[in-house]
Amino acid sequence: MLNNIFRKLRSSSITLQLTLFYSISAFVILLLISLFLYSILLTALQIEDEQLLRNEMVTIKNIIQQKSDNLNELKKDINEVSQHRYAVRILDKNDNEIFSTNNMLVAANLFGPAAKQKINIHPHTQPNQKDFLLACGLIESNNKTLWEIQIALDVQHERNVIIKYRNNLILMLVLGIICFSLIGAIVARRGTQPLHDITKTAENITVSKLNARINSSEWPKEIRGLANAFNNMLERMENSFNRLSQFSADLAHELRTPINNIMGEAEIALSKPRPLEEYRYVLESNLEELNHLSSMIESLLFLARSENPQTEIHRTPFLIKPILIGICEFHEAVAAEQGVNLACEGGDELLQADLILFRRAVNNLVSNALKNTPMGGTVTLKVEKQNHQYITVTIHDTGIGIPAEHLPNIFDRFYRVDAARSKHSGGTGLGLAIVRSIMELHGGKIAITSQIGEGTTVVLSFPVV
Amino acid sequence: MRILIVEDETKTANFLRKGLTEHSFVVELATDGQEGLFLATNNEYDLIILDVMLPKLDGWSVLKKLREASKQTPVLFLTARDAVEDRVKGLQLGADDYLVKPFAFSELLARVQTLLRRGQPRPTETLRIADLEIDPVRHRAIRSGQRLDLTAKEFSLLSLFVSRQSELLSRTLIAEQVWDMNFDSDTNVVDVAVRRLRQKVDDPFEKKLIHTVRGVGYVMEER
């Protein structure tokens, strides 16, 4: 049951929590202080009274010892000493009253058992609500009989002071709680105001206003952290969103040309009767365009999947060199035709990676390298182990190179260095984007350097797993 | 050879039936999972082409129930879903191969033929077409009595053509079978390799054996 209350409390408003906590703490502290002060006062007064009674008891005992023969002297002395501050009664051993001051209003039997060595002190309230402190003790009189001394101290006045004090304390407690609760609520409310502001800003952010940011400079340190995190998140979202929009635009553009060709050729072929050979030609041409589109779709799906953070790759250990040699064999015809030398270098490094993806990445890079290298050039594949953390695969060509301004964007989808170049000879324009995706899936890095007229070098760094 | 196609998309089912029938297969068609399962368990087929997304009973369930009924008919899955998990799932459930849409018909045909060819022994005897002879054991190719000078891969490529003569081979299939490259690579590489092979195998001789089928791939046959 208590757990339920706590749980509910924790999930309710911070303002409420703070105010409640603050008020309860203040109340408890004030209460404790009040009780403490009250009990100190009470005790101090009590001690004082008791001390007074003891002192007077001693004084009266002395008087009795000296003057017990002379009753009149005794009465005179005792009256003098008490001076109406307290009442005294003296009883003989048969409980008969020997003497009492005028102001003794408490009945004799209320004074409790008297003892010789110890003074018996206890409080007493009369039927008319008056408060007294009673003391009684025994003393040996001159004729060796035991007399009982009874002293009654009127403590009503003090009682009144204490009651007034107590009432004031209670009043202060109540007022204090109300004040503290109010102050607590106000402070909590002001403290959480930035949160309300952030909420308001967040609510105003829509897809069309992703550039909204929270101005956090004038806020307290703790909220600033939240505001900054929020702003960073917006930044990332805006970037992703822009990239996605750009991508959709690029995609539509890329799809347009092949579809246009297909439609155009088909329309023209159908516009009037044509010889069979022409129909055949158009269908074959369409099939080529469709194959190209199919390729593009497959590549795009691959890219989409590899950007999904949940995608896992299937790593197996394999020797790199045989795989590279296999890729070189794949391209040997093309290399031979172009008069380009294709070579592999490297030792017996073992790599833990996804074999199919690895092949695809290297293949795309070799393909690009061959396309950009003129006759007599070289394309070299090299494997190296960099310290204990990375294995690098380097594809270097002595080709025409890539201008520096294109290098930062070269891995973007559909990015083409030579915009005018026909898309067919350039493939789908997604080859390098796919290579980058593959490296990202492996937790690795890709780096490219190039010199116009001298060649291009791409370095794939795979982390040693 | 009898083939059962379980596919609910009309155009796809029709062109598959048409294409396979023209390649001398006997084709039956089912348009939902239940019908497909019924036909598959009660009749004998050499191969089942099974779409994954089916009404009434999906392809996974059909395959599972088929295998539970101890039917070992080879199954080729067709689907637009491409995730690796789906591929693995299909193979684990007992499928024999998997094709993702869109696919080239020649691709499907080649895979069908590969699946049907399984269980037959590898050729150790000489492969022949017209005046071309391939000795698979000694890695020698001879045409009209002349020994052809081929690289290792060129020989593999030629062997593939000869062993599958009259079958349309797509570039993807060729890349896969000869170089073990199974992704949609820049298929110009295959074109160049075939061109160079032609230079050695066809150009010096009168009869051309390697033919280009535009948009589809290549085929080796006597024409």
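Predicted model: local features only at pLDDT ≥ 70, side-chain atom pairs only at ≥ 80, totals over all residues.
D202(B) sits in the loop between helix 8 (188–201) and strand 11 (210–213) of chain B, and R143(B) in strand 8, 59 residues apart. Helices (H or I, at least four residues) and strands (E, at least two) are DSSP runs, numbered from the N terminus. Both D202(B) and R143(B) are buried, where buried means under 20% relative accessible area, exposed over 50% and partly exposed in between (1.4 Å probe, protein chains only).

The model needs pLDDT of at least 70 for local features and 80 or more for side-chain atom pairs, while totals for chains, interfaces and linings use all residues. Side-chain values use heavy atoms, without hydrogens and water, residues are numbered from 1 along each chain as its sequence is written, and chains are lettered from A and ligands numbered from 1 in the order in which they are written.

Over all chains, the structure has 32 salt bridges.

One of them pairs K101(B) with D51(B) at 3.6 Å, N to O. K101(B) lies in the loop between strand 5 (97–100) and helix 5 (105–117) of chain B and D51(B) in strand 3 of chain B, so the pair ties together parts 50 residues apart in sequence. D51(B) is buried at 3% relative accessible area, whereas K101(B) is partly exposed at 24%.

Definitions and conventions: Salt bridge = Lys/Arg side-chain N within 4 Å of Asp/Glu carboxyl O.
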